[in-house]
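The following report describes selected local features of one protein chain, with attention to the geometric criteria behind each term.

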Amino acid sequence: MSLSSTRLPAPDGPGSVSRAPNLPPGFTETFTSRYVDTGALRLHAVTGGEGPALLLLGGWPQTWYAWRLLMPALAQDFHVVAVDPRGVGLSDKPRDGYDTGTLARDMVALMESLGHQRFAMVGHDIGMWTGYALAADHPDRLDRLAVAEATIPGVSSTPPLFGGKEANDRLWHFAFNRLADVNEQLVSGREHLYFGHQFATKSAKALPDYAVQHYIDTLAADPEALRSSFEFYRALDTTIAQNQKRMGRRLSLPVLAIGGAENLGASVGATMKLAADDVESLVVPGCGHYPAEEAPEEMLSALTAFLAPYRDKRTASAVPTARGAEA
C-alpha cells in the first residue's frame with residue numbers, strides 16, 4: 001500500500017462498505033472500504049482476504065456492490081479488490097478518460113498502489129471491455145482473465161441499426177447513452193424509470209429491490225455520477241479505434257467467458273475467441289445479464305475452478321515484499 005493511500009480519509013458515503021445495504025453475514029469483518037490515490041485520481045476500492053490478488057471490476061450502471069455475494073468465498077483464497085472505476089460510486093469523476101485504454105491504466109495504477117504487480121481479474125459488462133484492454137495493453141500484469149456478459153466494441157460485429165426487436169431491446173441504450181447532453185436532461189429526476197427499466201429487462205431473475213434501489217440512489221445522488229455513467233459510452237469512438245489496433249496482437253493468457261443463457265449466452269465466448277487463443281466458455285442456464293447476482297453459486301463455482309491454477313502457482317511462489325504485499 002502506498003503512503004499516499006494511508007493518508008486518505010476512510011470512505012463513509014452511501015457507497016462504502018459501512019453504508020451498503022444487506023451485505024452477506026460477516027462481510028464487514030473481512031472487507032473494508034478504502035481510497036487509493038493512483039497519482040492521476042482517487043479511486044474507491046473494497047478490499048479483504050488473503051492470497052494472490054484478484055481484481056473485480058463491474059459495469060454499467062453498477063458499483064463494487066455487484067460482487068458482494070461472491071466476495072466472502074473468494075476472500076478465502078485471494079486478496080480481493082472490488083473497485084469503483086473512475087466516474088462510479090465513491091471514486092473521482094473527471095470529465096474525461098473513459099476510454100478503455102485509460103480505464104485499464106487506472107486499474108494497473110490501482111493494483112500497483114496496493115502492492116500488486118501481477119494479478120487475476122474478473123470483469124463484467126464495461127469491466128469486460130476494460131479487462132480486454134488491460135490484457136492487451138499490459139500483458140505482463142494479468143495471469144488470468146474472466147469476463148462476463150458483454151460484447152466488445154471494435155472486436156465484435158457491429159449490430160445493424162435496424163436489427164430485430166430482441167437486439168434492439170437489449171442494445172438501444174448504447175445509442176441513447178452516447179448522446180451529448182439530452183440524455184442527462186431526460187434521465188435526471190427519472191433515474192428510477194430509466195435505470196430500473198435496464199435492470200428489469202436485462203435480468204432473467206429479478207435483482208432484489210434493495211440492490212436496484214442502491215444502484216439508482218447512487219446515480220441520482222450526484223449530477224456528476226449521472227454524467228459519468230454516460231461518459232463510458234461517449235468515449236466509444238476512441239475505445240473502438242483502440243480495440244481495432246489491439247486486434248493485431250492476440251491474447252495468450254487463459255480466458256473464461258461467462259454468458260447468461262437468457263441474455264448474451266454463447267456470444268460472450270465467441271467474442272473472446274476473436275481476440276484470444278485460450279478461451280473457455282460457460283453459459284449459465286436461467287441467467288440474464290447479471291450472473292454475479294442472479295446466479296452467484298454457479299459463477300463462484302466457475303471462477304473457483306478457473307482461478308485454481310493461478311491461486312496454486314502464486315501461493316507456492318509468493319515471497320513477501322518490503323511493502324507487505326505479494327509482488
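Helices (H or I, at least four residues) and strands (E, at least two) are DSSP runs, numbered from the N terminus. The model is a predicted one, in which local features need pLDDT of at least 70 and side-chain atom pairs count only at pLDDT 80 or more, while totals for chains, interfaces and linings use all residues. Residues are numbered from 1 along each chain as its sequence is written, and side-chain values use heavy atoms, with hydrogens and water left out.

## Backbone features in loops

Glu 149 is found in the loop between strand 6 (142-148) and helix 6, and its phi is near 55°, a positive value in a residue other than glycine. Asp 125, in the loop between strand 5 (119-124) and helix 5, likewise has a positive phi, near 60°. A residue is called buried under 20% relative accessible area, exposed over 50% and partly exposed in between, with a 1.4 Å probe and protein chains only. Glu 149 counts as buried because its relative accessibility is 0%, and Asp 125 counts as buried at 10%.

A cis peptide bond, with omega about -5°, joins Trp 60 and Pro 61; Pro 61 lies in the loop between strand 3 (53-57) and helix 3 (71-74). As background to these features, most residues other than glycine have a negative phi, and most peptide bonds are trans.

## The two sides of helix 11

Which residues of helix 11 are buried? In helix 11, which spans residues 236-246, they are Leu 236, Thr 239, Gln 242, Asn 243 and Arg 246. Because these residues cover an arc of only 125° around the axis, they lie on the same side of helix 11, the arc being that of the directions from the helix axis to the C-beta atoms. An α-helix has 3.6 residues a turn, so residues three or four places apart point the same way. On the other side of helix 11, Asp 237, Gln 244 and Lys 245 are exposed.

The buried residues of helix 11 pack against helix 4 (100-113), helix 5 (126-137), helix 6 (165-177) and helix 10 (223-234), where contact means heavy atoms within 4.5 Å. Within helix 4 is Thr 102, which counts as buried at 13% relative accessibility. Leaving aside its neighbours within four places in sequence, Thr 102 is in contact with Arg 86 and Gly 97.

## Aromatic pairs and charges over rings

Rings of Phe, Tyr and Trp (its six-membered ring) pair if their centres lie within 6.5 Å; planes under 30 degrees apart count as stacked, over 60 as edge-to-face and the rest as tilted. By this rule the count comes to 19 aromatic pairs, and two of them are set out below.

| Pair | Distance between ring centres | Angle between planes | Class |
|---|---|---|---|
| Phe 176 and Tyr 194 | 5.2 Å | 50° | tilted |
| Phe 199 and Tyr 290 | 5.4 Å | 40° | tilted |

The pair of Phe 176 in helix 6 and Tyr 194 in helix 8 (residues 191-202) links distant parts of the chain, 18 residues apart, and both residues are buried. Phe 199 lies in helix 8 and Tyr 290 in the loop between strand 8 (279-284) and helix 13 (291-294), so the pair ties together parts that are 91 residues apart in sequence. Phe 199 is buried, with a relative accessible area of 2%, and for Tyr 290, also buried, the value is 2%. One aromatic cluster includes Phe 176 and Tyr 194, and among its other members are Trp 60, Trp 129 and Trp 172.

A charge sits over a ring if NZ of Lys or CZ of Arg is within 6 Å of the ring centre and within 35 degrees of the ring normal. The charged end of Arg 42 sits over the ring of Tyr 35, 3.7 Å from its centre, and that of Arg 144 sits over the ring of Phe 306, 4.9 Å from its centre.

## The largest pocket

On a 1 Å grid over the protein atoms alone, a pocket is an open set of points where a 1.4 Å probe fits, with protein on both sides within 12 Å along at least five of seven lines, and lining residues have an atom within 4 Å of a point. Grid points are joined across faces, edges and corners, and a volume is the space filled by probe spheres set on the points. The largest pocket has a volume of about 720 Å³. Of the 28 residues that line it, the closest to its centre are Ser 157, Thr 158, Pro 159, Leu 171 and Phe 174. Helix 6, helix 11 and helix 12 (267-273) each supply at least two residues of this lining, and the largest share, seven residues, comes from helix 6.
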